[in-house]
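Dear colleague,

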Amino acid sequence: MRQAFLAMMMAGMMLPAAAQAQDDGKRPTTDDLLDAMDSPTFVPMVKVGKVMDAGDSILYMETNNVYVYPKLTFQSQRQAAAYMRLVRNVKKVLPIAKEANKIILETYEYLETLPDQKSREEHMKRVEKGIVQEYKPKMKKLTYSQGKLLIKLIYRECNSSSYDIVKAFLGPMRAGFWQAFSSIFGASLRKEYDPDGTDRLTERVVLMVEAGQI
């Protein structure tokens, strides 16, 4: 059982470290743009199987979903650079958000096996200590914008805000502390994910990254 699972959920806790590093405001070159589009984070899946139908075996193949969107048009190089920066950031933090969801489920099941509230609280104290030791160096490599994106993608994967996850595992006081701490740096653990509204472009990028299309 991994003891630092809340590092992903408590991305806001690590935002100060990310904020210390300047955001990567580099303007990507043409080669950078092509590299970002040709390096999928996830390998496309192909599954071959067979089913029986009236005594005959029929082969079938399953592949990733293929998403077709209208072609994006950019009014300026700055807009194009912002889009490619979003692609790059999604590829970096989406795997962390997916891992967070997996570990949350595993950890919840583990906590259910502990005999009483005291043992669960003691375990969670060890977890919180492990967070800083194991994940702070990794989070320091994220830019500020990547940290904020991570909070949103955690909501997407877990269907719950980082604040609510921290509250569920560590209690309202600790959740309030980390929320206040994050707000100092202009972030919020309460951020939700709106795939049909403000985050629709991010959702488009996420789906295409998952399918290996970009």
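A nonpolar core, as the term is used here, is a set of buried Ala, Val, Leu, Ile, Met, Phe, Trp, Tyr and Cys residues that are joined through side-chain atoms within 4.5 Å. Please bear in mind throughout that this is a predicted model.

With that term in hand, you can look for the largest nonpolar core, which has 36 residues, and in which Val-90, Leu-150, Leu-153, Phe-169, Val-205 and Ile-214 touch the most other members. At least two residues of this core are supplied by each of H4, helix H5 (117-139), helix H6 (144-158), helix H7 (162-170), helix H8 (172-183) and H9, and the largest share, 10 residues, comes from H4.

As for the chain as a whole, its secondary structure comes to 9 helices and 2 strands, and, read from the N terminus on, these elements follow the order α-α-α-β-β-α-α-α-α-α-α. The chain has 214 residues, of which 43% count as buried, while its accessible surface comes to about 12700 Å², with 53% of that belonging to carbon and sulfur atoms. Among contacts with a separation of 6 or more, 77% are made by residues 24 or more positions apart.

The next thing to look at is one pair of helices. Two packed helices are described by the angle between their axes and the distance between the axes. Helix H4 (residues 77-113) and helix H9 (residues 200-210) pack at an angle of about 65 degrees, and their axes are 10 Å apart; the crossing of H4 and H9 is right-handed. On the H4 side, Tyr-83, Leu-86, Val-87, Val-90, Lys-91, Leu-94 and Lys-98 take part, and they meet Leu-201, Thr-202, Val-205, Val-206, Val-209 and Glu-210 in H9. Sorted by class, this contact has 9 nonpolar, 1 polar and 3 charged residues.

Two residues deserve a separate look. Val-205, leaving aside its neighbours within four places in sequence, is in contact with Tyr-83, Leu-86, Val-87, Val-90 and Ile-214. Thr-202 has its place in helix H9, and, not counting residues up to four places away in sequence, Thr-202 touches Leu-86, Val-90, Leu-149, Leu-153 and Tyr-193.

Is Thr-202 buried or exposed? Its relative accessibility is 10%, and buried means under 20%, so Thr-202 counts as buried.

With best wishes

Technical notes:
Residues numbered from 1 in each chain as written. Predicted model: local features only at pLDDT ≥ 70, side-chain atom pairs only at ≥ 80, totals over all residues. Heavy atoms only, no water. Axes fitted to C-alpha atoms, helices over the stretch in contact; angles between N-to-C directions. Helix = DSSP H or I, 4+ residues; strand = E, 2+ residues; numbered from the N terminus. Left-handed = near helix turned anticlockwise from the far one by under 90°. Contact = heavy atoms within 4.5 Å. Nonpolar A, V, L, I, M, F, W, Y, C, P; charged D, E, K, R; others polar. Buried < 20%, exposed > 50% of the residue type's maximum accessible area, 1.4 Å probe, protein only. Areas by Shrake-Rupley, 256 points an atom, 1.4 Å probe, with all protein chains shown as cover.
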